[in-house]
Amino acid sequence: MVSAGKSDLCMNLTLTIHSLGQSPTRESLRISPQKIEEELAETRSIKGGNRIKRARVMNNEKQDHEQSGLSRRGFLHGMGGAGALLGMTGMAAADDTPKDADGNVIPGFEKNQGDANAVKDWQPVSDRKVRVGIAGYGLCKFGAAFFYQNHPNVEVVAATDLDPRRCAALAKAVGAKKTYPSCEEMIKDKSIEAVFIATDAPSHARLAILALNHGKHVVSAVPAVFGFEAEGEAEELFNAVKKSGMKYMMNETSSFHAELYAKRMQYQAGALGKIIYSEGEYYHDNVGTLGSYNPRNGKIDGFGWRRALAPMWYPTHATAYYVSVTGGRLTDVSGLGTPSLYSEYKDGKNAHKNAFGTEVAMFKTSEGGMSRMAVSWDMKNAHGEQGRVYGQKPHDNGIKGDRPALPPSVEGGGHGGSHGQLTNNFIESILLDGKPIVDVSEALNMTLAGVIAHQSALKEGEWMKIPQYAL
Ligand SMILES: NC(=O)c1ccc[n+]([C@@H]2O[C@H](COP(=O)([O-])OP(=O)(O)OC[C@H]3O[C@@H](n4cnc5c(N)ncnc54)[C@H](O)[C@@H]3O)[C@@H](O)[C@H]2O)c1
């Protein structure tokens with residue numbers, strides 16, 4: 001796996017690599033920008049000479065396997081995120097890039113995160129346009145960040161945000177002619193087939209259920225369900241998907257990280273055998289100072305849902321590193337937490353009744369393996385979403401596992417080139433009546449695993465069962 005340390009963005013990239021290596025031992029390298037530029041130059045010189053031939057299948061997940069070995073080019077494929085970081089070095093962020101209170105670009109939204117390891121030569125699966133409505137243009141401006149407005153099989157017909165100015169800005173950004181004062185109102189529009197819910201985390205499940213009950217396909221930002229209500233919401237959401245027969249997908253960005261996707265391809269081809277041990281992490285120091293939607297005043301401020309957020313209520317970037325690789329389930333959990341360094345968590349005197357700034361959990365998996373997932377808002381020199389997956393059999397370098405081709409007008413975009421992939425996957429799941437990459441059962445397992453881990457941490461690590469759902 002490849003991870004890039006935040007503090008190293010400009011000068012060096014600290015890489016921890018194993019997905020492409022033959023041995024599972026961990027190796028840390030420091031690579032200078034000049035060295036990476038040399039590697040990129042070499043990649044450019046062989047570009048086009050070694051393309052993968054693919055069957056045109058939903059998600060392109062059944063692919064011809066290219067014999068490649070561990071070439072320098074293969075190495076670069078695996079570091080799509082790092083290459084992208086190189087590309088952003090020295091770049092000024094455009095004005096529409098989401099920023100924190102200090103004016104720094106929110107990690108994951110850096111520009112120029114390409115999809116260097118996506119297959120080329122996208123072929124349309126249909127000439128039909130899915131009519132999409134988009135909700136939410138808050139701190140992360142997520143409604144416009146997934147390229148629905150650029151996809152050839154999409155017509156963005158409507159946009160909404162509760163705040164009239166954010167609503168107008170979203171409509172402008174995605175070229176929607178119609179606007180609605182709320183997602184609840186937009187969902188009543190019979191011309192809309194699918195809704196992208198990019199609102200605040202506590203509202204996802206309620207709005208998704210409403211949209212499904214109105215016969216719309218739904219793609220929701222993470223998490224699928226939230227907080228104290230999560231288990232009840234899970235039951236209702238699952239039933240709404242089942243009853244409506246509509247597509248539901250959770251936009252888990254880790255699922256289309258180049259490294260995770262390559263492991264998914266390995267696993268699906270049977271190359272890894274069972275996964276003995278996996279681990280996933282999401283580290284983001286002081287996430288509580290990022291603004292978020294505050295329902296008491298309608299503003300994006302420091303008193304919204306991110307304030308004193310329980311780390312394991314936001315677990316999916318980590319838990320994807322088992323669930324999205326294998327399609328298996330996290331079944332039992334023992335979690336621990338440590339009190340946060342930051343004052344808003346003190347003694348759990350906050351809306352989430354949460355004192356923890358870091359939570360780590362051990363899981364049993366449905367195939368008899370073990371998993372360790374961690375989420376932290378406290379740790380210094382720790383940043384990003386990453387993971388490692390160890391199977392019974394070694395990584396097969398003959399299986400490249402590149403991400404699917406994208407329409408030429410759609411970028412990979414933010415979070416390691418995952419945004420465009422998620423959008424294309426959701427739209428193809430509708431057009432081809434296929435399974436989206438993260439369906440409701442997987443979304444609920446990735447999310448509830450964390451919710452129950454938090455409950456366990458509040459009970460000093462008591463082993464607890466995670467509710468299971470299967471479509
Ligand atoms: N890597 C990732 O997958 C990733 C990264 C960042 C954010 N997210 C998720 O994306 C979502 C959006 O993030 P954000 O930081 O912009 O959130 P935010 O809280 O800053 O903004 C939410 C927006 O939704 C709007 N909204 C709330 N209820 C609404 C309704 N009923 N109808 C219409 N609009 C409504 C609010 O007015 C606000 O503008 C969050 O759920 C977050 O968890 C995911």
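The protein chain has 12 helices and 16 strands; helices (H or I, at least four residues) and strands (E, at least two) are DSSP runs, numbered from the N terminus. This is a predicted model, in which local features need pLDDT of at least 70 and side-chain atom pairs count only at pLDDT 80 or more, while totals for chains, interfaces and linings use all residues. Residues are numbered from 1 along each chain as its sequence is written.

On confidence: pLDDT is the predictor's confidence in each residue, from 0 to 100. The mean for the protein chain is 82, with 76% of its residues at 70 or more. Over residues 1–94 the pLDDT is below 50, and this stretch has 146 contacts in the model beyond near neighbours in sequence. A contact is two residues whose C-beta atoms, placed from the backbone, lie within 7 Å. Among contacts in the protein chain with a separation of 6 or more, 72% are between residues 24 or more positions apart.

Of the 471 residues of the protein chain, 52% count as buried. A residue is buried if 20 or more other C-beta atoms, placed from the backbone, lie within 10 Å of its own, exposed if 12 or fewer, and partly exposed in between.

Now the sheet. Six strands form an open sheet with mixed pairing, in the order β15-β9-β14-β13-β12-β16. β15 and β16 (464–465) are at the edges with a single partner strand each, so one side of each has no neighbour in the sheet. Two strands count as paired if DSSP finds at least two bridges between them.

Why is strand β9 largely enclosed by the rest of the structure? Eight of the 10 residues of β9 (residues 275–284) are buried, so the strand is largely enclosed. Nine bridges join β9 to β15 (residues 383–391), and these two run antiparallel. Y282 has E385 as its bridge partner in β15, and H284 stands opposite H383. To β14 (residues 370–376), β9 is joined by seven bridges, running parallel; there, S278 has S371 as its bridge partner.

Last, the ligand. Of the 30 residues around it, G138, L139, C183, A221 and Y293 come nearest; a residue is near if its C-beta atom, placed from the backbone, lies within 6 Å. The elements giving two or more residues to this shell are α5 (183–186) and β10 (292–294). Domain 1 (6–118 + 253–465) and domain 2 (130–250) both contribute residues to the shell, so the ligand lies between them. The domain bounds come from an automatic or database domain assignment.
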